[in-house]
Amino acid sequence: MAQVIGIDIGGTFTDLVVINTETGEITSVKVDSTPPRFAAGFFHALEKADIDLKNVSYLVHGTTVATNAVVERKGAKVGLITTKGFKDVIEIMRGNREFHYDLQWEKPKPLIPRFLRLGVSERLNSKGEVVIPLNKDEVKEAVSYFKKRGVEVIAICTLHSFMNPVHELKIEEIIKEEFPGVFTSVSAKILPEIREFERSCTVAMNAYVKPVVIKYIDSLRRRLKEKGLQRDLMIMKSNGSVMTPKMACEIPIATIGSGPAGGVVGGTLLGEEVITCDLGGTSFDVSLITKRKPKLTTEKDITWGMPLRIPQVDVLSVGKGGGSIAWIDAGGLLRIGPKSAGAYPGPACYGRGGKEPTLTDACLVLGILNEKYFLGGEMPISKDLAIKAIEKKLSKKLNMSVKDIAVGIYKIAVAGMVEAIKLVSVKRGFDPREFTMVAYGGGGPIFAGILAKELSISNIIFPRNPGVFSALGLLLGDVQFDYTRSYPTTIENVDLDKLNSILNELEDKGRENLKEESFEKHIEILRSADMRYMGQNFEVNTLIPEGKITQEKLVTLVERFHQEHEKWYGYRMKDERVEIVILRVSANSKQVIKPTFRKVSSTGNLREALKGKRLAYFGGIKDFVESPVYQRDMLKAGHIIEGQAIIEQTDTTIIIYPEQVAKIDEVGNIVVTINKKIGSKI
Amino acid sequence: MRVQKQGDVDIFTLEVIRSGLIQLSREMGIAMSRTAYSVIFSEGYDFSCAIFDGKAEMVAQAEFNPVHLGAMAFAVEWCLKEIGIRNLEPGDVLLHNDPFRGGTHITDFTIMMPVFSDKGELIAIPANRGHLLDVGGKTPGGFAGDATEVYQEGITIPPVKVQSRGKKVTDIWKIILSNVRIPGPIYADFQAMLGSLEIGKRRIKEYIEKYGTDTLKFYMEEIKNYSEKRMRQEISKLPNGTYEAEDFLDDDGITPDPIKIKVAITIKDNMLIADYTGSSKQVEGPLNATYGVTASQTYNGVFNITDPLLPSNHGCFRAIKVIAPAGSVVNADHPAATFGGNVETSSRIVDVMMAAMSKIIPEKVAAGCYGTCHNFTGGGVDPEKGGEPFCWYIFREGGWGGRATKDGNDALMDYVGNDKNQPVEILENRYPWLVEKYELVEDSGGPGKYRGGIGTNYVIKFLNPKTLINIITDKCNQSPFGLLGGLPPIPRKEKKCGHWNDIRIKMNETSEFKHITELFGTISASKAASIPLPKGASVELVTYGGGGYGDPLERNPKRVQSDVKNGFVSLENARIYYGVVIDSKTLEINIPATEELRSQLFKGGKSIGKE
């Protein structure tokens, strides 16, 4: 028996998915995460799923270890070497505030304290030419200063190094000689891109999490090997590809956001053009897939003022999750989130001492959730407690019935989710109506139907295991290396030989690195350029045509840029000069281990899946309506269910809204189509 | 969605529209920053976006530039009054930059696009205000520190249509662009502003379609009512009475006299009245604030000491009354010069409000802020770029005042704005400069139980054959105030002037940094215009820290130790002002010596350090 396994560790839960590669059968378990010792949850999940690692041919892991170290400020002791006169760049930040009127706001402190930041004499100009040569003695002094103070990692980030890495590389060389064994984090290698604060911060963050991640991965590998795992585990990256442990240890920040990235990659299995919606305990996460590829971004912040500029799956996260607390502000308005009750104490209905009413409590009151079948009945929840919380905290103050308030909570939450979906679609030039919605996470399937209706989306897919979908998605990532090179030039001044030679060099490097890690098959090279109208300060990533770049292909590239700009910002400036700023190359090895899913049986009567009826709210003007309730495991391929209907399964509840029709496909996904002409236009 | 009748407020719909419109303002700003040309726009975020209703009242704003946000309200109202609602048509865009008609200073352009229902009713007006790098006038990049009339500061465009029924009014554009030094970039920035309005229009149309005009109008009104209610609640919590304070600006750039800003804040039940009577008469130099600026900064001050979650819009303004005598420095008459009114006088307005309110809500205010935007502009012609003209505007962040339970924040943009600094790597790409230093300044924070935030030191070397520079800064010769026993920042005694914020110039690589008073015999050390710099000259821009809060002798010695370790406080100042004795080698606290020194200093009164 051969198995492939995906393990996704989030802040609250650790999810494990096993696919039997012979039968295509999928099983999953969910256990509590165990921060900060995440490995305990990892092995607990393996135990609970009763896995014999000798049978496992492929194991991919998505981890929150790095994120956790940054957010909790539990990373390494890091020293920074930078250009003399600029050691405070990461503390000064960008000089702006998170809120424009909040006098009590506290500016975040940098990950490296001031006494561990040192400038050395050296300077490049904006063209990358040496203006002041590197003073090697000062570097040595700095290294010995750090050595004395027990620094574990040295970050290196000097001005304009993205144009010419010569000084940074020399500094690294000196460190290796003077302080063997200390880790380094070099900006020219991690993020050769303009803007000193953002680059320094990214490099500092990489340094900060390095020892934590290395220690964590080493211990996983050792224990996995002991338990008989033959092939080394793979780690999901923030850009949705997978990497070897060695790569993860070199650029550990690339593991940030790997869990959510897994879910999005999972979405690529279900359609070409997809909007993924993941509703968990604390947040609602949305992202876009076009042409079967997740949209990426390089502009996400871990927390406010803590930018991470490496390519990441563009997941927009808003604070409207199942545990988000409903509250009344000083002016008497009902607000939801961003505070969340989390998993502990959790929503009031969990009975773990939570007193605040949450979105989950509202859903329970509205008949959307089943008191007796939460997590398949494994976890008892109490409708009475939900009602009490709403009554006590909201009802009296608003002078409204519990039910009306629950409806209000539902509506405001839905509006927030609709806004989030618009942000990643309409506002970036994509029409959501052309997309299929894929809904997962514990709560995604509750709201997908109403969101689709609001946005005039006509297709929704509920995957087989929505609660552990991110863990499943981990198995679909390809192995990928990304490279960037600054090449600032106007299109008229492009030196084709130079352009081609940079692209070839990066491509060769990619192939070589893949080879080193023994991924030589199914290689795909993707090339793109960050471009802008001359003088703009932000770029639009544009795909470079394949093959050797000729004058003609350059024209194609410029036209593609105009198109992209128009898509994002609504206009093009055809007479303006266009410039290239950064070249990007990804070398990708398609993973051959793709899970094949077991087909579900197509024999059986729908009536057998019917487990009862209940009154529930379906988002309309009308009150509660009676709806049939089905058990998902009992549904067979080809079954058709017309809304309104409720489908329950252990890890989620699926709501089929009126005028929506659900059909079970051959591998057990529920595919919903919506009658046209319903819902408002975008 | 049902049409709402008067008085029938669905609080859920209210919340949905309210947060949606704020999000829209935010979105307009992001689009603008990403497509603009100037670094001050795209990196510096010197702009603001807001949504107004059909009555020209502000309904929503995003967290951009406070000084713009209040004044914009007047600008939109003025445009509508002057052009006439009846003369507006779909596809029109209005523009103006007159400081005396709700403007801020002359480089700030407000543009707006009325959005109509299908039946032709004016429903909403998305608007934005942005700082354009050059609007003509006597100096490149504006900010002539010696201007005495608005005419010298640049071209004034009264409320006009720059786009009519979707078509650009090319005559107006030609007039504007032929009066500025860098027409290409300026036009590109206007494009970005227009693009952002298009986004605003599109989304307002969606709201109209979804809710219908009546419902949307009803809720826009309710959003303002809601904020008014909240603001009045907040004000009601304050004790009735009148609370006064005053503070000064160094000078107006023309004469050496300090400029007084005086406020008397009266709390009368649920109403706040800020009366600036007693402030200096309007001045000759460019330090005059227009009424829009004074009102903006009053709102700014009030928002900062009430509830930051309170959605700021026109409703809040109803609970705040601003009295600023005509012809004074806080409400100057045309044609006064106003460049610095918007960035310096404005800063002092918030500070005096804090000082006045410290008497009743010490837990909510802060000690004095570093007190300037430290404006530094200029331009020239870059031979390396084929003789292309260039202009810049940079400002500098500094330390904020200490608070009741926290230190002041280090290196932040003044109250006036919420702009970002412009990355060195981007500036060096754009301008013939080499930035030589960008660091925090030791001992710049005022000592206190909660210390004032720290300022910055920024040095630029000029590589162009010739560059003209302009300076408007302040609080060089007067310190920010400390509160409740907290001290003002300790002055740097070795200087003739510029004890706190400072600007100095080194004319060539071998000479020393000197003040402009020494180099050019100017009256003011903090305001100047069109100073020519040769290749190789450097300018040092120092911002200082904020005032301290609470007696520094009560500061936790461990925090003093940490400040010393990190170079925020010197060993000497730790001893003199905090009474903490730290070993210079080990950086350990000498506990017995500290206890003894503190008790001695305590007996000697708390006024140590004030000399």
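**Figure 1. Charged side chains of chain A in the predicted model.** Chain A carries 94 positive and 84 negative side chains. The centres of these two sets lie 3 Å apart. Chain A exposes about 26,600 Å², and carbon and sulfur atoms supply 50% of that area.

**Figure 2. Overall fold of chain A, with 17 helices and 35 strands.** The radius of gyration of chain A is 26 Å, close to the 26 Å that the globule rule gives for 682 residues, so chain A is as compact as a globular protein of that length. Along the principal axes, the C-alpha atoms of chain A fill a box of roughly 80 × 60 × 55 Å. Of the 682 residues, 61% count as buried. When contacts in chain A between residues at least 6 apart in sequence are considered, 67% of them join residues at least 24 apart.

**Figure 3. Cis peptide bond from A:P35 to A:P36.** Omega for this bond is near 0 degrees. A:P36 sits in a loop of chain A, with strand β3 (26-32) on one side and helix α1 (38-48) on the other. As background, most peptide bonds are trans.

**Figure 4. Cis peptide bond between A:G337 and A:P338.** Here omega is about 0 degrees. A:P338 belongs to strand β22 of chain A, which covers residues 334-340.

**Figure 5. Positive phi at A:H522.** The phi angle of A:H522 is about 50 degrees, although the residue is not a glycine. Most residues other than glycine have a negative phi. A:H522 lies in the loop of chain A that runs between α15 (496-516) and β26 (523-533).

**Figure 6. Positive phi at B:K475.** In chain B, B:K475 is not a glycine, yet its phi is positive, at about 55 degrees. The residue is placed in the loop between β17 (466-472) and β18 (502-506) of chain B. Is B:K475 buried or exposed? B:K475 is buried, with a relative accessible area of 1%. That value is under the 20% cut-off, so the residue counts as buried.

Methods. Residues numbered from 1 in each chain as written. Chains lettered and ligands numbered in written order. Predicted model: local features only at pLDDT ≥ 70, side-chain atom pairs only at ≥ 80, totals over all residues. Heavy atoms only, no water. Helix = DSSP H or I, 4+ residues; strand = E, 2+ residues; numbered from the N terminus. Rg over C-alpha atoms; globule rule 2.2 N^0.38 Å. Buried < 20%, exposed > 50% of the residue type's maximum accessible area, 1.4 Å probe, protein only. Contact = heavy atoms within 4.5 Å. Areas by Shrake-Rupley, 256 points an atom, 1.4 Å probe, with all protein chains shown as cover. Lys, Arg positive; Asp, Glu negative; His and termini not counted. Charge placed at Lys NZ, Arg CZ, Asp CG, Glu CD.
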